[in-house]
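Work through the exercises below with the sequence and the model at hand. Each task is followed by a solution in steps.

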Amino acid sequence: MAQPKNKLGKNIRDLRKAHGETQEELGRAINVEHNTISMYESGEREPALQTLQAIASHYGYPLDQLIRDDFSELDFSKIALTWENIVAMIEVICPLLVSDKALKDPHFAKGYEYTRKIVDGFQTPENVVMRSIFERAIEEYSESLEKSETMESAVNILWLIYILYTLLPDEHSIKVGKAILYGKAYGKEFVKNYFLKNSENVNKEEETNKKLYARDMSECILACIEILKSSPEYNHIADYYLALRYIIGVVDTDYGQEINTIIGMEIMLSYLSLGNPYAFAYIEKALFL
C-alpha cells in the first residue's frame, strides 16, 4: 500500500486506522466519497478547511492537532475498560478531601456521610445514585463553609458538582456504560462505535442541558475556587479543579468541547510544570488507566 507523502495525509490515515475505520466509513461520516479520502491520505488532493474541521471533530481533536501532531503510535486495539477502571479513574480525576479536624465539624461530617454514599454507590454499576443525595451533601458543605469555614467543604462541593455533571442524562454515556458493564468495552470496534463523533452520538437537547447546568453552577464553582485560593495550603487543589473544569466541560464558554478540553490540558500541563501534585497524578495515572 502506498505511503502518504504528506504529514496531513499520514495523520488522517493513522487516525482512521487507529479507530478501526475504513475509508468508506470516514467518507460517510464527513459526507465525502471514499476515493476522496484516499486522495487526501496520499496527498493527491488537499482537503478544504471545512472538511479538515469535520475530520478533526469526528476524531475528537482540535484542528491544529490534526495538522501538527504525530498519530503513528496511536492504537486502540488493546483498550479494555472495566467498571473497576472507571471507579479508579474517578478517584484520581476528582479527589475528595477529609481530615480528622474537618470531621469534628458536624455539617462537614454529614456532608461527607452523604458523599460516601455516592462513592459507595459507584462500586456497583447497577446502582442509581439519587440527585437529592448530591443536593443534601452540597447543602451540608455550604453550611460548613458558612459557619465553620472548613476548607475541605469547598473541595468536596467541587467534587459533587463535577461528578453530577458527568451523570446528567446522556444517552450516549448510557450506551458506553452498558458496553463496559457487559464486557464489550474493548478494541477498535468499541472506540469506533462509541467515541467517534457521529450524528447518532450527539443529542442536542442533552448538550443544551449540560451547558445550562454548567452556566448555573459557574458562580458556585468560582466561589469555591476563590475560597481555596485564599489559603496557601489549598492552592494546588484549587488550581487543579480550575483546569479540570475545562477538561470535562463544566464551563460556560462559546467554544466547543474540543477547544475547552485543549485549554484545560494546557492549563493542567502548566500546573504540572509548577509541581502541582494533583496535576501530576492526573497526567501520570488518569490518562493511562
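**Exercise 1.** Locate Asp-14 and list what its side chain contacts.

*Solution.* Step 1: Asp-14 sits in helix α1, residues 7-18; helices are DSSP runs of H or I with at least four residues, numbered from the N terminus. The model is predicted, so local features need pLDDT of at least 70 and side-chain atom pairs count only at pLDDT 80 or more, while totals for chains, interfaces and linings use all residues. Residues are numbered from 1 along each chain as its sequence is written, and side-chain values use heavy atoms, without hydrogens and water.

Step 2: The relative accessible area of Asp-14 is 9%, so this residue is buried (under 20%, with a 1.4 Å probe and protein chains only).

Step 3: The side chain of Asp-14 makes polar contacts with the side chains of Lys-10, at 2.8 Å, and Arg-13, at 3.0 Å. A polar contact is a pair of N or O atoms within 3.5 Å; within protein, one must be able to donate a hydrogen and the other to accept it, and residues adjacent in sequence count only if both atoms are side-chain atoms.

Step 4: Leaving out residues up to four places away in sequence, Asp-14 touches Phe-71 and Ser-72 (contact: heavy atoms within 4.5 Å).

**Exercise 2.** What does the side chain of Glu-140 make a polar contact with, and which side chain of opposite charge is nearest?

*Solution.* Step 1: Glu-140 belongs to helix α9, residues 131-148.

Step 2: Glu-140 is buried and has no salt bridge (a side-chain nitrogen of Lys or Arg within 4 Å of a carboxyl oxygen of Asp or Glu). The nearest side chain of opposite charge is that of Lys-110, 6.7 Å away; Lys and Arg count as positive, Asp and Glu as negative, and His and the chain ends are not counted.

Step 3: A polar contact of 2.9 Å links the side chains of Glu-140 and His-107.

**Exercise 3.** Which residues of α16 are buried, and what do they pack against?

*Solution.* Step 1: The buried residues in α16 are Ala-279, Tyr-282 and Ile-283.

Step 2: Viewed down the axis of α16, these buried residues fall within an arc of 95°, so they line one face of the helix. The arc is taken over the directions from the helix axis to the C-beta atoms.

Step 3: The buried residues of α16 pack against α6 (83-93), α14 and α15.

Step 4: At the start of α16, a side-chain oxygen of Asn-276 comes to within 2.9 Å of the backbone nitrogen of Tyr-278.

Terms used:
Helix = DSSP H or I, 4+ residues; strand = E, 2+ residues; numbered from the N terminus. Buried < 20%, exposed > 50% of the residue type's maximum accessible area, 1.4 Å probe, protein only.
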